[in-house]
Amino acid sequence: MRASSISLIVANDDDCSVSSTFDVSTVKQEQQAPLHTTRPRRSVRFAMFDTQAYDNTQMYKEDCRDLWYTSADYKSFKANNTNNAKDIIRMDLERRQDPKAFPNVMNRIYDACCSAAMNNNNNISDIDSQDANCLADWLSVSYGRIGLERMCVRAIRNDKFPRRHELVDTVLEIQQEMMGHDEDQKAQFMALAAQQITRPSRLFAVHLARASSQS
């Protein structure tokens with residue numbers, strides 16, 4: 001299902017005494033709350049006392065920075081990806097009515113991933129074999145499209161954007177509601193929520209990897 005219809009329910013079990021329901025409508029209602037209401041500020045804390053330091057015996061500290069990308073490098077990468085995405089969009093416009101066009105194939109595969117049963121433990125969703133072959137053919141002639149689908153295919157971008165925000169809000173909400181509870185229990189709830197919300201993207205990545213291996 002697309003992000004707009006996601007409903008994540010974390011139910012009671014034998015080991016838990018907390019039951020919470022998180023969905024997109026809840027987040028939207030919170031965002032539309034009157035301006036005079038104040039929400040408690042949410043934050044993430046790191047267990048600094050668990051941080052471990054390791055000595056670098058392979059190179060000098062002054063040389064390490066030379067291995068890091070600069071802000072100019074990141075801007076260049078971003079500009080290059082944006083230009084490539086625009087070129088792909090222009091080329092695909094000429095074939096937008098073709099069912100084998102790249103955006104149409106990607107949309108159908110992503111829809112299949114979104115429609116996969118939420119209680120299915122397998123990491124594979126059923127997609128049309130013809131779509132799978134078309135995707136492999138596309139990657140064999142244009143492998144550079146991998147990673148740009150979020151920028152090139154509007155429907156995928158429009159679904160992933162709210163899904164990412166939902167993931168962050170849900171994790172922070174679980175942290176707040178379960179404050180004082182057992183840390184392992186809290187981690188289990190957050191892991192379950194994250195796995196369910198990100199399931200379409202994980203299934204989509206599996207299909208991309210399979211197609212890449214065949215191209």
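What percentage of the 215 residues of the protein chain count as buried? In this predicted model, 30% of the residues of the protein chain fall into the buried class. The accessible surface of the protein chain comes to about 14900 Å², and carbon and sulfur atoms account for 51% of that area. The secondary structure consists of 9 helices and 2 strands, which are arranged from the N terminus on as β-β-α-α-α-α-α-α-α-α-α.

The axes of helix 4, which spans residues 102-115, and helix 5, which spans residues 129-141, come within 10 Å and cross at roughly 135°. Because angles over 145 degrees would be needed for a roughly antiparallel arrangement and 65 to 115 for a roughly perpendicular one, helix 4 and helix 5 are classed as oblique to each other. Their crossing is left-handed. Phe102, Val105, Met106, Arg108 and Ile109 of helix 4 are in contact with Asp131, Cys134, Leu135 and Trp138 of helix 5, and by class this contact comprises 7 nonpolar residues, no polar residues and 2 charged residues.

Helix 4 also packs against helix 9, which covers residues 199-214, with axes that come within 8 Å and cross at roughly 130°; helix 4 is therefore oblique to helix 9. The crossing of helix 4 and helix 9 is right-handed. On the side of helix 4, the contact is made by Met106, Ile109, Tyr110, Cys113 and Cys114, whereas helix 9 contributes Pro200, Ser201, Leu203, Phe204, His207 and Leu208. The residues of this contact divide into 9 nonpolar and 2 polar, with no charged residue.

Between helix 5 and helix 9, the packing angle is about 60° and the axes are 8 Å apart, so that helix 5 is likewise oblique to helix 9. Helix 5 passes helix 9 in a right-handed crossing. Here Leu135, Ala136 and Leu139 of helix 5 meet His207, Leu208, Ala211, Ser212 and Gln214 of helix 9, and the contact contains 5 nonpolar residues, 3 polar residues and no charged residues.

Note on methods:
Residues are numbered from 1 along each chain as its sequence is written. This is a predicted model: local features need pLDDT of at least 70, side-chain atom pairs count only at pLDDT 80 or more; totals for chains, interfaces and linings use all residues. Side-chain values use heavy atoms; hydrogens and water are left out. Axes are lines fitted to C-alpha atoms, for helices over the stretch in contact, and angles run from 0 to 180 degrees between N-to-C directions. Helices (H or I, at least four residues) and strands (E, at least two) are DSSP runs, numbered from the N terminus. Angles under 35 degrees count as roughly parallel, over 145 as roughly antiparallel, 65 to 115 as roughly perpendicular and the rest as oblique. A crossing is left-handed if the near helix is turned anticlockwise from the far one by less than a right angle, and right-handed if clockwise. Contact means heavy atoms within 4.5 Å. Ala, Val, Leu, Ile, Met, Phe, Trp, Tyr, Cys and Pro count as nonpolar, Asp, Glu, Lys and Arg as charged, and the others, Gly among them, as polar. Buried means under 20% relative accessible area, exposed over 50%, partly exposed in between (1.4 Å probe, protein chains only). Accessible areas come from the Shrake-Rupley method with a 1.4 Å probe; for residues, only the protein chains shown count as cover.
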